[in-house]
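Me: Please take a close look at one part of this structure: the pairing of oppositely charged side chains. Which residues take part, and where do they lie?

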Amino acid sequence: MRIHHLNCISSCPLGGRLMDGLTPSILQRGHLTCHCLLIETRDSLVLVDTGYGLKDVHDPHSRLSEFFLKQLKPDLRDEMTARRQIENLGFRADDVRHILLSHLDFDHAGGLDDFPSAKVHMMQTEIQGARAQKTWLDRQRFRPQQWSTERNWLAYHAESGESWYGFAKVHALEGLPPEILMLPLIGHTLGHAGVAIQRAEGWLLYAGDAYFYEGEMNVEKPHCTPGLTLYQIMMEKDRRSRLWNQNRLRELVKLHGHDIDIFCAHDVAEFTRLAGRSPDVPVRPLPKEETTRDRDFPREQPLH
């Protein structure tokens, strides 16, 4: 499997350095990624989270809440959407047969509309919590305007599953190779999940929003910026579970860091290290000699 790292539109939050730890001033806007993965399997593409989508770029005020538009001011560029970056690699949008969604927040699910034939895998409790729209903040973060592909959603139940490095109730995914797993990491939302991918050189674990800042995975002295600490508290649905899962991820780093590379959705330094490029630029097209390899995936009939 080949894995591509995509930043599917950065957020530029108020607070600058207090948020990202990198921006020179607290009076400037900060910089957070929307780190997504594109996985080439033998017969299709798999997208892990979608970031913001084309419709979010072209009509943000009908799709996204004014609260988060003002607070985060996403850098809404067409060429940074998952669909455009996938096309830039020489693929078609309908080559994406599967989307693995960590959770349904607007900055992770905005691109669902751009892949109308893809099966969307997520936890059942995430669907239930997002649809309930119980609080004002729920209605700002979970945007039904982005859910045109609900008919394609596949739900996994937290009561069942296998074990993986001490994490229970981990799921193999329907129609996907056994090297790709989904594991519950609840707290940020009630059905939040991570995605583990086995490579020849070890596992890659996408932790989504289980944490926000690279320093939170520091085994000896975990730390986070003040702004992101407050943001995580504001957004959490289950604090006890969120903090417990962060501790479990740190323990994973301590015991198995040589086998497992853990990263989150929004840390600029993590994205730059893994992608080998600035998050401000889209993925580079593949070299010409590589663009014909597995380009023509078998065609499938639409789901409906």
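Reply: Arg92 and Asp95 are joined through their side chains by a salt bridge, at 3.6 Å from N to O (a Lys or Arg side-chain nitrogen within 4 Å of an Asp or Glu carboxyl oxygen). The model is predicted, so local features need pLDDT of at least 70 and side-chain atom pairs 80 or more, while totals for chains, interfaces and linings use all residues. Residues are numbered from 1 along each chain as written, and side-chain values use heavy atoms, without hydrogens or water.

Arg92, at 36% relative accessibility, counts as partly exposed.

Another salt bridge brings together the side chains of Asp105 and Arg141, with 2.7 Å between N and O. Helices (H or I, at least four residues) and strands (E, at least two) are DSSP runs, numbered from the N terminus. Asp105 counts as buried, at 2% relative accessibility. Arg141 is buried too, with a relative accessible area of 1%. Elsewhere, Asp78, Arg83, Arg84 and Glu87 form one network, joined by salt bridges that share partners.

Arg63 and Asp113 make up a further pair, in which the closest N and O atoms are 2.5 Å apart. Arg63 has 5% relative accessibility and counts as buried. Asp113 is also classed as buried, with 11%.

In total, the structure holds 17 salt bridges, including the pairs Arg92–Asp95, Asp105–Arg141 and Arg63–Asp113.

The strands named above, β4 and β5, belong to an open sheet of 6 strands with mixed pairing, in the order β1-β2-β3-β4-β5-β6 (strands pair if DSSP finds at least two bridges between them). At the edges of the sheet stand β1 (2–7) and β6 (153–156); each has a single partner strand, so one side of each is left without a neighbour in the sheet.

Terms used
Buried < 20%, exposed > 50% of the residue type's maximum accessible area, 1.4 Å probe, protein only.
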